[in-house]
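This report describes the pockets, ring pairs and selected residues of one protein model. The sequence and the structure are shown first.

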Amino acid sequence: MADGEEEEIVLDSELPGVRITLAPVPPPPARQASPPAPGFAEDEWAGAAPGGRVVAFLREPVARCHLDRVLIVEGERRIERPLPPWIYYGFFARIGKRLLVGAPRQAFIVDWDGTMTTLLEEPDGAGVHVCWIDDDTAAAAGYRTIVVDGPAGQVTLACNAASAACVVAPGLLVVSDDDGSQWIHEGRVVARDWRTIAAAHGDVVVGAAGDAFRVTLVRDFARD
């Protein structure tokens, strides 16, 4: 090993034939926030969506304390749907081919015609973390439950107060909770680690302390 080169880390495997390694790399630059969509108040979250649409989370109109609605704007059409009162929707929403919204104790998929589907609902917790694994597969991680839902069906896994959920290319879901992190591939937990992973940038993950690692997933299909 060359001077200054750190040894790669092999995660504890949960599935025979699967090996995940982390190689320390310099942290990637912080992602720049998307410019806000014009025409909305500063205390509302509004951003661009596919097809020239705008998605906005609107304040309740009297005290303007909480966000309580999602608005989809498409040309002259405006579609509003109610949400549980909360102030953090801008941080817990992910825009893909559809809108994925994490709420205080729920997660919703919202189609552009306004159809809302509940992906996860739990009685406890303080925020459901969501992400798109691919264009058609959504993931939600709450207080005790992880749900992965896509064309192959729905899978439910356990967690312990999720604090983050992100996707590492290609298609590796990482959910962090009070016990560390679970690394999930094709609906199965394939590895666990003590580190809390806060975000992913392609095949690089960033830990809660700001340290970064390039992720390699190797599968021995003969052993599956």
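The lining of the second largest pocket comprises seven nonpolar, six polar and one charged residues; here Ala, Val, Leu, Ile, Met, Phe, Trp, Tyr, Cys and Pro count as nonpolar, Asp, Glu, Lys and Arg as charged, and the others, Gly among them, as polar. The model is a predicted one, in which local features need pLDDT of at least 70 and side-chain atom pairs count only at pLDDT 80 or more, while totals for chains, interfaces and linings use all residues. Residues are numbered from 1 along each chain as its sequence is written, and side-chain values use heavy atoms, with hydrogens and water left out.

The second largest pocket holds about 230 Å³ of space. Among the 14 residues of its lining, Thr137, Val148, Ala152, Glu186 and Gly187 are the closest to its centre. At least two lining residues come from each of β14 (145–150), β15 (153–158) and β18 (180–185). A pocket is an open set of points on a 1 Å grid over the protein atoms alone where a 1.4 Å probe fits, with protein on both sides within 12 Å along at least five of seven lines, and lining residues have an atom within 4 Å of a point. Grid points are joined across faces, edges and corners, and a volume is the space filled by probe spheres set on the points. Strands are DSSP runs (E, at least two residues), numbered from the N terminus.

Glu186 is placed in the loop between β18 and β19. With a relative accessible area of 58%, Glu186 is exposed; exposed means over 50%, buried under 20% and partly exposed in between (1.4 Å probe, protein chains only). The side chains of Glu186 and Arg219 are joined by a polar contact of 3.0 Å, a polar contact being a pair of N or O atoms within 3.5 Å of which, within protein, one must be able to donate a hydrogen and the other to accept it, with residues adjacent in sequence counting only if both atoms are side-chain atoms. Another such contact, of 2.7 Å, joins the side chains of Asp193 and Arg195. Asp193 lies in strand β19 (residues 188–193) and is buried at 11% relative accessibility.

The largest pocket has a volume of about 1300 Å³. Its lining has 42 residues, with Trp45, Gly90, Phe91, Ala93 and Arg94 nearest the centre. By class, the lining of the largest pocket divides into 27 nonpolar, nine polar and six charged residues.

Trp45 also belongs to a cluster in which ring pairs link Trp45, Phe57, Trp86, Tyr88, Tyr89 and Phe92. The structure holds five aromatic pairs, in which rings of Phe, Tyr and Trp (its six-membered ring) have centres within 6.5 Å; planes under 30 degrees apart count as stacked, over 60 as edge-to-face and the rest as tilted.

| Pair | Centre distance | Plane angle | Class |
|---|---|---|---|
| Trp86 and Tyr88 | 5.6 Å | 80 degrees | edge-to-face |
| Trp86 and Tyr89 | 5.3 Å | 85 degrees | edge-to-face |

Trp86 is buried, with a relative accessible area of 9%, and Tyr89 is buried too. Tyr88, with a relative accessible area of 39%, is partly exposed.

Val175 is found in strand β17 (residues 172–177) and is buried, with a relative accessible area of 1%.

Note on methods: Helices (H or I, at least four residues) and strands (E, at least two) are DSSP runs, numbered from the N terminus.
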